[in-house]
Amino acid sequence: MFKKLLVANRGEIACRIIRAAKELGIQTVAIFNEIESTARHVKMADEAYMIGVDPLDTYLNKQRIIDLALEVGADAIHPGYGFLAENAEFAKMCEEAGITFVGPSWQVIELMGDKARSKEVMKKAGVPVVPGSDGILKDVEEAKALAREIGYPVLLKATAGGGGRGIRICRNEEELVKNYESAYNEAQKAFGCGDLLLEKFIENPKHIEFQVLGDKYGNVIHLGERDCSIQRRNQKLVEIAPSLLLTPEKREYYGNIVAKAAREIGYYNAGTMEFIADQEGNLYFIEMNTRVQVEHPVTEMVTGIDIVKWQLRIAAGEKLKYKQEDVNFKGYSIECRINAEDPRNNFAPSVGMIERYYVPGGFGIRVEHAAARGFEVTPYYDSMIAKLIVWAPEWEIAVDRMKAALETYEITGVKTTIPLLIEIMKEPDFRAGKFTTKYLEEHPQVFDYKEHRDKEDFVAFLSAVIASYHGL
């Protein structure tokens, strides 16, 4: 096992990694910049070093991070998610410096980071893919010809990056021609690469993803699927495991395909294959994320397998102790992302100092966070400040538990997504499992919530507190 781990990240995921490392007896090193000197991950780590003043550069400074790891004797680096987590160059630099990168090989990161190549590889491995271009589009004329062949609507999508940038839905040839240049330019500006793919657009899809875990000896298993359909601007808000869409038979069918494909490309460590699903439960490959996902806790809750600890064990050369038949799925888990945003203002980021901070607790409730009273939400990083996760033996109980926990969660000083999430938990279609990636668009009533608690809400608030602590 590693002696010392440098965590090249911040926020809740840095705290999560540090906690897992401590359970394995690994010394931890945090990095930070001038504005985060009192951050929770800094306090949790055994050692912490300020490596920059510019908050936009600290967690992206590849050479400085590696130099620091060598200086302090860290034999491994965990990148978390975001920042350098899927940067093949950084993983290669770690390897060349004799430091273990906690993740897959840089070659696999490079391969799966290219949406065109990854789609081709997955197709050859037997993973179902959406009909579309076999590779990068040459020009708009090729796009037009292919769209006529597979039929509208189609989706133009950048081969690099993510976050919904470089993506355009085209319902006819006129829109295709108009959107081609804008998608190319947006991708070029955001990612330094304007290459585009074209795919058949699946109407009213669900967003389903499968978690895989593999060691360096060719053993790969899947840990089931998550439903991440409820999103805003292609960014997830609510994640569920298992999905309400797949039957046990389909879970086994697609899970085996996913594990086989990961094995064939030599994948090890944690990874996620993302799919869109039609209403019949047919899955089509979108991309692979070669890192731990924000929503990994829901999988941990239903399988009992600590994904982050196994990331570290696998990176250190341990063999997986699980076979596929050892993985059992129990109950349902829901994760809500607590973002410092104003949902009514197009989810605009909300910055400022957190004045009051009350975290729910009780049976089946888990909070992953780095926030606290006095924590300053800045404009420099992602707006997510915490993740609220619940587990229950039945779906309806899980939804009720999440609602009670959200009503107990109190954050003042900045606007958050909590009021919106409460309304989603109450909404009949969500409770019935009838939701797609268009859920927010089709259910505008969930934005009709109260901004602040008033005196009449006080009794309800206390009831929610009591309910959460009694696991109701």
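At 3% relative accessibility, Asn339 counts as buried, because the cut-off for buried is under 20%. The model is predicted. The chain is divided into domain 1, domain 2 and domain 3.

**Asn339**

- Asn339 sits in strand S14, which covers residues 332–339.
- What does Asn339 contact, leaving aside its neighbours within four places in sequence? Its partners include Arg232 and Leu237.
- Ser383, Met384 and Ile385 are also among the contacts of Asn339.
- Lys415, Thr416 and Thr417 complete the list for Asn339.

**Leu111**

- Leu111 belongs to helix H5, which covers residues 106–113.
- Is Leu111 buried or exposed? Leu111 counts as buried, because its relative accessibility is 16% and the cut-off is under 20%.
- Leu111 touches Arg117, Ser118 and Val121, not counting residues up to four places away in sequence.
- Leu111 and Val121 are 10 residues apart along the chain. Their C-alpha atoms are separated by 8.8 Å.

**Helix H13**

- Helix H13 covers residues 418–426.
- Of its 9 residues, 8 are buried, so H13 is largely enclosed by the rest of the structure.
- The buried residues of H13 are Ile418, Pro419, Leu420, Leu421, Ile422, Glu423, Ile424 and Met425.

**H12 against H13**

- Two packed helices are described by the angle between their axes and the distance between the axes.
- Helix H12 covers residues 395–408. The axes of H12 and H13 come within 9 Å.
- These axes cross at roughly 155°. Angles over 145 degrees count as roughly antiparallel, and H12 and H13 are therefore roughly antiparallel to each other.
- The crossing of H12 and H13 is left-handed.
- Which residues of H12 meet H13? They are Val399, Met402, Lys403, Leu406 and Glu407.
- On the H13 side, the residues are Ile418, Leu421, Ile422, Met425 and Lys426.
- By class, this contact of H12 with H13 has 7 nonpolar and 3 charged residues, with no polar ones.

**Domains**

- Domain 1 covers 4–102, domain 2 covers 140–200 and domain 3 covers 206–447.
- How far apart do the C-alpha centres of domain 1 and domain 3 lie? They lie 24 Å apart.
- Domain 1 and domain 3 are in contact. The contact involves 30 residues of domain 1 and 27 residues of domain 3.

Methods: Residues numbered from 1 in each chain as written. Predicted model: local features only at pLDDT ≥ 70, side-chain atom pairs only at ≥ 80, totals over all residues. Heavy atoms only, no water. Helix = DSSP H or I, 4+ residues; strand = E, 2+ residues; numbered from the N terminus. Buried < 20%, exposed > 50% of the residue type's maximum accessible area, 1.4 Å probe, protein only. Contact = heavy atoms within 4.5 Å. Axes fitted to C-alpha atoms, helices over the stretch in contact; angles between N-to-C directions. Parallel < 35°, antiparallel > 145°, perpendicular 65-115°, else oblique. Left-handed = near helix turned anticlockwise from the far one by under 90°. Nonpolar A, V, L, I, M, F, W, Y, C, P; charged D, E, K, R; others polar. Domains from an automatic or database assignment.
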